[in-house]
Amino acid sequence: MQDYPQVALEFMNRDHAEFVVLRARLLELLSAAAPDARVDKLLGELLAHTRHHFAEEERLMQETGFPPYPVHKRDHDHVLADMTTRVERWKQGHDVPALKEWLDRDIGDWFVSHVSSMDFVTAGFIKAQGKDRP
Ligand SMILES: [Fe+2]
């Protein structure tokens, strides 16, 4: 995965770092000879983490009246729906290459581009409104 920028809000940077660790641990497990139930557990954590993080960003955007809120929210909704589908699919078929490719490529690319654009701008706006945490 490419580098991603730090944004103006510390809680977001912390969450982003946590996301990166979860993703890396999943990829590591999926490279093992026989991925076990830890993958399911970590996927659940990734989904919960993402849902919580998005909700906090969205609450702050609404509280501060961030004008492009709908655009940012739409990207969150899209990713959460996709992530939910992928997790369900994994539970049904345990298709290692499919999950690995999605995490490695799709999620990696999405994360870098989302943090570099929407999160970067959003964090700067929220901070300028005098808020720094949810
Ligand atoms: Fe975001």
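I started at the metal. The iron ion is coordinated by Glu57 (OE), His72 (NE2), His76 (NE2), His114 (NE2) and Asp119 (OD), at 2.1 to 2.3 Å. I note that this is a predicted model.

Next I read the donors along the chain. Their spacing is E-x14-H-x3-H-x37-H-x4-D. I then looked up where Glu57 and His114 sit. Glu57 lies in helix α2, residues 37–64, and His114 lies in helix α4, residues 96–128. The two are 57 residues apart, so I logged the pair as a link between distant parts of the chain.

Are Glu57 and His114 buried or exposed? I checked relative accessibility against the cut-off for buried, which is under 20%. Glu57 comes out at 1%, so I count Glu57 as buried. His114 comes out at 2%, so His114 is buried as well.

**Helices α2 and α3**

I turned to how α2 packs on α3. The angle between them is about 165°, and their axes are 11 Å apart. Angles over 145 degrees count as roughly antiparallel. The α2 and α3 pair is therefore roughly antiparallel. I also recorded the hand of the crossing, which is left-handed.

Which residues meet across α2 and α3? On the α2 side I listed, among them, Val39, Leu43, Leu46, Leu47, Thr50, Phe54 and Glu57. On the α3 side the list includes Tyr69, His72, His76, Val79, Leu80, Met83 and Trp90.

**Core**

I looked at the largest nonpolar core next. The core holds 35 residues, and Val39, Met83, Leu99 and Leu103 touch the most other members. At least two core residues come from each of α1 (10–31), α2, α3 (69–93) and α4. α4 gives the largest share, nine residues. As background, nonpolar side chains tend to be buried together in soluble globular proteins.

What does Met83 touch, leaving out residues up to four places away in sequence? I found Phe19, Leu46, Leu47, Thr50, Trp102 and Ile107.

**Backbone check**

Last, I looked up His94. Its phi is near 45°, a positive value in a residue other than glycine. His94 sits in the loop between α3 and α4. I logged His94 as partly exposed, because its relative accessible area is 41%.

Notes
Residues are numbered from 1 along each chain as its sequence is written. This is a predicted model: local features need pLDDT of at least 70, side-chain atom pairs count only at pLDDT 80 or more; totals for chains, interfaces and linings use all residues. Side-chain values use heavy atoms; hydrogens and water are left out. Donors are N, O and S atoms within 2.8 Å of the metal (3.2 Å for Na, K and Ca); water is not among the atoms, so sites may look incomplete. Helices (H or I, at least four residues) and strands (E, at least two) are DSSP runs, numbered from the N terminus. Buried means under 20% relative accessible area, exposed over 50%, partly exposed in between (1.4 Å probe, protein chains only). A nonpolar core is a set of buried Ala, Val, Leu, Ile, Met, Phe, Trp, Tyr and Cys residues joined through side-chain atoms within 4.5 Å. Contact means heavy atoms within 4.5 Å. Axes are lines fitted to C-alpha atoms, for helices over the stretch in contact, and angles run from 0 to 180 degrees between N-to-C directions. Angles under 35 degrees count as roughly parallel, over 145 as roughly antiparallel, 65 to 115 as roughly perpendicular and the rest as oblique. A crossing is left-handed if the near helix is turned anticlockwise from the far one by less than a right angle, and right-handed if clockwise.
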